[in-house]
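Biologist: Hi, could we go through this one together? I'd like to ask a few quick things as we look.

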Amino acid sequence: IGPSSGTPVKWSTSSTARAVTLTTAKLRVTVSRPDGAVTFADASGRTILAEEANGHRLTPATVQGERTFHVQQVWKANAGESLYGLGQRQEGKLNVKGYDFDLWQRNTVVEVPVFVSSRGYGILWDNTAPSKWGDIAPFEAVPPDALVGVKAGTPAVRGFEGTIVAP
């Protein structure tokens with residue numbers, strides 16, 4: 001496959017003290033100068049996708065003796081939006097928005113780090129390392145002293161009823 005002979009996309013850039021913007025006939029990509037946050041908008045200025053404030057990080061790390069980085073990127077959720085993809089999973093979820101997944105290849109789970117939105121865009125997370133989707137906080141046990149009035153319940157409530165008091 002060689003280069004396309006299609007019409008080149010016309011684009012322009014503009015720059016202010018607060019942001020740098022690349023504009024085409026259909027898309028505007030703005031990078032905030034203070035924090036580097038990226039926002040994608042359509043030609044009318046309606047936000048398609050935007051990073052959370054401080055929504056990206058490169059944290060130095062050592063993995064198997066090699067110096068590298070842990071990468072994190074957080075996007076603002078759009079109300080009413082559905083997200084589809086991430087490969088062949090066994091959870092039976094079509095819309096992956098709001099779920100937490102470990103993204104690494106194993107047995108019957110085939111990870112494809114691509115998702116598409118019901119709003120018409122898609123993202124490829126071009127990363128060969130094991131990744132996490134959703135809440136990346138590690139699992140933590142609930143301390144016994146945070147359990148108040150817990151008693152046996154029904155399987156519908158996973159076996160217990162009661163109150164958990166967050167510290």
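Biologist: Is Leu86 buried or exposed?

Modeller: Leu86 is buried, with a relative accessible area of 3%; buried means under 20%, exposed over 50% and partly exposed in between, with a 1.4 Å probe and protein chains only. Keep in mind that this is a predicted model, where local features need pLDDT of at least 70, side-chain atom pairs count only at pLDDT 80 or more, and totals for chains, interfaces and linings use all residues. Residues are numbered from 1 along each chain as its sequence is written, and side-chain values use heavy atoms, without hydrogens and water.

Biologist: Thanks! What is the phi of Leu86?

Modeller: Phi is near 80° there, a positive value in a residue other than glycine. Leu86 sits in strand 7; strands are DSSP runs of E with at least two residues, numbered from the N terminus.

Biologist: And which residue other than glycine has a positive phi of about 50°?

Modeller: That's Gln64, found in the loop between strand 5 (47–63) and strand 6 (66–75). Gln64 counts as exposed, at 83% relative accessibility.

Biologist: How many bridges join strand 7 to strand 9?

Modeller: There are 5, and strand 9 covers residues 110–117. Gly87, for one, has Glu111 as its bridge partner in strand 9.

Biologist: New topic: what volume does the largest pocket have?

Modeller: About 1100 Å³. A pocket is an open set of points on a 1 Å grid over the protein atoms alone, with protein on both sides within 12 Å along at least five of seven lines, and lining residues have an atom within 4 Å of a point. Of the 40 lining residues, the closest to the centre include Gln73, Lys132 and Trp133.

Biologist: Which strand gives the most to that lining?

Modeller: Strand 6, with 9 residues.

Methods. Pairing = 2+ DSSP bridges. Helix = DSSP H or I, 4+ residues; strand = E, 2+ residues; numbered from the N terminus. 1 Å grid on protein atoms, 1.4 Å probe; cavity = no way out; pocket = protein on both sides within 12 Å on 5 of 7 lines; lining within 4 Å. Points joined across faces, edges and corners; volume = space filled by probe spheres on them.
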